[in-house]
Amino acid sequence: MFLKAPKRSNCLLGCLSCTTAEKMSHVVKKRKLDKSRQDRLYFDSYTDVTIHEEMIADHVRTNTYRMAIMRNSESIRGKVVLDVGAGTGVLSIFCAQAGAKKVYAVEACSIAEQAVKIVKQNNMEDKIEVIRGTVETVDLPEKVEVIVSEWMGYALLHESMLNSVLYARDKWLQPGGIILPSKAELYIAPISDPVVEDRLHFWYTLKDQYGVDMSCMSDFATRCIMNSDITVNSVTVEDVLSHPARLAELDLHSVTVEELLRSVKGKFRCESFGSAAVNAFCVYFTVTFPCPDKPLVLSTSPFKPETHWKQAVLYLDAPVDVVQDTVVTGEVSMYPSEESARHICIHVDYTIGEHKRQSRTFSIPDWSSEAQP
């Protein structure tokens, strides 16, 4: 969930009296403190009922997980399962219903107390054990044969929960075990957001309405609205200007945390459907569950039913006109923010038609530095 963006705290590392070693020590110490604070704020954000209501009420999300688990019942029956970031425990219960012998529901925040009640209310205490703690610190009594987790954030990687899933894979998953979901893919497409155009045009309409010319506000409004924040919005099919291009694929059986920390990157090429003004890029993801008959895909595409993830919208500095078959190319890199390891930055290099290549870096505002320690 997005919180209010703070001002960044100042760090006095530029003084001449500091040696290089002292500066490095200060930076490392500061980052460790920041990570601890970020983790606490992240887990605290899941203590309220609202976010769990939103996630479970997302029928596409919850029902796809349920179907994927049930379709994998042959692989789950009689097996030991680890649910990473179990929340209220609904996925753990699905696994128990699919025949799991034992489910370890690991949850770091206080919602684990509610998960215990839900497990008891569903008479699953003999199969599901709720463990309060992070997966990096808990000690399970045995290896597991299945890992299930709903780890995806906005633009797939916001919140960095995938790192915890990969840690669990490396430490607790038996050779040949399964991961649900097992694959993630990122996509991008140019879009035209009419709401932005309407908001920018608004300042030109005031002279006729009120006799006051405020068109000079247009530049200021453009800077405010089409800023470098990652915006989470629902994009309508009509506003997508080309077929989406796949940016990257993550195989959860082989991808490493080190690869995620360096960056997830990919190139794209799109051709516009017709005449329009490109004012943003839309980024979305899919995850795939292996199933005996055919894979099951959970998609956050604007061409599919809406989910609570919606889409990540990246606004350009200014709209660019395109016509039928105008080529839009570029490269995208996604990596953790220096200020907050749980936040992502998205860097886009792009070329639209014959226009000069442009670059822009987008981020989710860092709200941690104003939080109380």
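Residues are numbered from 1 along each chain as its sequence is written, and side-chain values use heavy atoms, with hydrogens and water left out. As the model is a predicted one, local features need pLDDT of at least 70 and side-chain atom pairs count only at pLDDT 80 or more, while totals for chains, interfaces and linings use all residues.

To start with the parallel sheet: five strands make up an open sheet in the order 3-2-1-4-5, and their pairing is parallel. Strands here are DSSP runs of E with at least two residues, helices are runs of H or I with at least four, and both are numbered from the N terminus. Two strands pair if DSSP finds at least two bridges between them. Strand 3 (128-132) and strand 5 (173-180) sit at the edges with a single partner strand each, so one side of each has no neighbour in the sheet. From one strand to the next, the twist averages 25°; axes are lines fitted to C-alpha atoms, for helices over the stretch in contact, and angles run from 0 to 180 degrees between N-to-C directions. Five bridges join strand 1 (residues 80-84) to strand 2 (residues 102-107) in the parallel sense, and L82 stands opposite Y104 in strand 2. Helix 7 packs on this sheet, touching strand 1, strand 4 (144-148) and strand 5, and the direction of helix 7 makes about 155° with that of strand 5. Contact here means heavy atoms within 4.5 Å.

Strand 9 pairs with strand 13 over eight bridges, and R269 stands opposite T329 in strand 13. Strand 13 and strand 14 are joined by nine bridges, with Y350 in strand 14 as the bridge partner of G330. Strand 14 (residues 344-352) and strand 15 share six bridges, and H347 stands opposite T361 in strand 15.

Which helices and strand supply at least two residues each to the lining of the largest cavity? They are helix 7 (162-172), helix 11 (257-262) and strand 13 (327-336). A cavity is a set of points, on a 1 Å grid over the protein atoms alone, where a 1.4 Å probe fits but cannot get out; lining residues have an atom within 4 Å of a point. Among the lining residues are L157, M161, N163, L260, Y335 and I344. By class, the lining has nine nonpolar, two polar and no charged residues; Ala, Val, Leu, Ile, Met, Phe, Trp, Tyr, Cys and Pro count as nonpolar, Asp, Glu, Lys and Arg as charged, and the others, Gly among them, as polar. Domain 1 (35-182) and domain 2 (184-363) each contribute at least three residues to the lining, with domain bounds taken from an automatic or database domain assignment.

Finally, two backbone details. Most residues other than glycine have a negative phi, and most peptide bonds are trans. The bond from L180 to P181 is cis, with omega near -5°, and P181 lies in the loop between strand 5 and strand 6 (183-191). N123, a residue other than glycine, has a positive phi near 55°; the loop between helix 6 (111-121) and strand 3 is where N123 is found.

Key
1 Å grid on protein atoms, 1.4 Å probe; cavity = no way out; pocket = protein on both sides within 12 Å on 5 of 7 lines; lining within 4 Å.
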